[in-house]
Amino acid sequence: MTAEEIADPDEVRQYALPLVLRVERGSPPARTDALEGAARAVLWFLADPRVNEPEGEWAPAVRAWTDARIRKVVRRARGAAWERASALPGITVVHRSAEIRVYPPVPVDNWPPDLAKLQVAGTELEDPAPLWLNPELPMTAGKAMAQAGHAAQLAWWRLGPRVRSEWRDLDFDLAVRTAAPQRWAELVHSGLPVVRDGGFTEVAPGSCTVVADVPALRAERGAMRQ
């Protein structure tokens, strides 16, 4: 086939790669886990012999998908809907708190019924209690670990019994991330717990090292402003 004979990707039948995220009521996955899990699910799918072997079961659908516009559509499911979706041919990837199933490409106008009825909109997630590290303050791993511990303790002291119990039930789920430089000043002055180091090792006394951005405290601050 010559270059002139290759079909325009907009003119051929369009396919999409379906991904379904498990979002159970009361225990949704963390946003970062879902994003990283989606990337890993696509890679596991592409590496599967059913895709990359010439006679692979899913190879024709993948060729049709890649000959057109490469589209991916994420839907969410819980309970019985997740069980029905899990019964369809595909690959399930578990990445920390996220469980994602990826399927062979399907025509965008002919989804399997158990996938077509799943919701697309409304998949909004948060990361668990982020502890933000100062992006402009180098610390060894040991020092940063101590500061993260301080931030967790300050957050604990600020929380009421009910929220403490809910957090414990979630196995004290949290994430430690380095803040974006342009956001650090905003975090320090947000009213959230801030660790100010005593200056015994590595950093100057009074240095702000970590902000505990616990969702319950963030909501509390928002209610106070209203």
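Reader: Leaving out residues up to four places away in sequence, which residues does Ser 207 touch?
Author: A quick note: this is a predicted model, where local features need pLDDT of at least 70 and side-chain atom pairs pLDDT 80 or more, while totals for chains, interfaces and linings use all residues. Residues are numbered from 1 along each chain as its sequence is written, and side-chain values use heavy atoms, with hydrogens and water left out. Counting contact as heavy atoms within 4.5 Å, the residues that Ser 207 touches are Leu 137, Val 195, Arg 196 and Asp 197.

Reader: Is Ser 207 buried or exposed?
Author: Ser 207 sits in the loop between β8 (194-196) and β9 (208-212); helices (H or I, at least four residues) and strands (E, at least two) are DSSP runs, numbered from the N terminus. Buried means under 20% relative accessible area, exposed over 50% and partly exposed in between, with a 1.4 Å probe and protein chains only. Ser 207 has a relative accessible area of 14%, so Ser 207 is buried.

Reader: Which backbone oxygen does the side chain of Ser 207 reach?
Author: A polar contact here is a pair of N or O atoms within 3.5 Å; within protein, one must be able to donate a hydrogen and the other to accept it, and residues adjacent in sequence count only if both atoms are side-chain atoms. At 2.7 Å, the side chain of Ser 207 reaches the backbone oxygen of Ala 204.

Reader: Over to Asp 33: which residue's side chain does the side chain of Asp 33 join in a polar contact?
Author: Asp 33 lies in helix α1 (residues 31-47) and counts as buried, at 9% relative accessibility. Setting aside neighbours within four places in sequence, Asp 33 is in contact with His 95, Arg 96, Ser 97, Ala 98 and Asp 127. The polar contact, at 2.9 Å, is between the side chains of Asp 33 and Arg 96.

Reader: How does Asp 171 count, buried or exposed?
Author: You'll find Asp 171 in the loop between α7 and β7 (175-178), with phi near 60°, a positive value in a residue other than glycine. Most residues other than glycine have a negative phi. Asp 171 has 66% relative accessibility, so Asp 171 counts as exposed.

Reader: And what is the relative accessible area of Phe 172?
Author: Phe 172 is in the loop between α7 and β7, and phi of Phe 172 is also positive, near 50°. Phe 172 is partly exposed because its relative accessible area is 35%.

Reader: How far apart are the C-alpha atoms of Ser 165 and Glu 36?
Author: Ser 165 belongs to helix α7 (residues 161-169) and counts as partly exposed at 26% relative accessibility. Along the chain, Ser 165 and Glu 36 are 129 residues apart, and their C-alpha atoms are separated by 28 Å.

Reader: Zooming out, what is the radius of gyration of the protein chain?
Author: The chain has nine helices and nine strands, and its C-alpha trace spans about 70 × 40 × 35 Å along the principal axes. The radius is taken over C-alpha atoms, and the globule rule is 2.2 Å times the number of residues to the power 0.38. A compact globule of 226 residues would come out near 17 Å, but the protein chain has 23 Å.

Reader: What share of the residues of the protein chain count as buried?
Author: Among contacts between residues at least 6 apart in sequence, 74% join residues at least 24 apart. Of the 226 residues of the chain, the share that count as buried is 39%.
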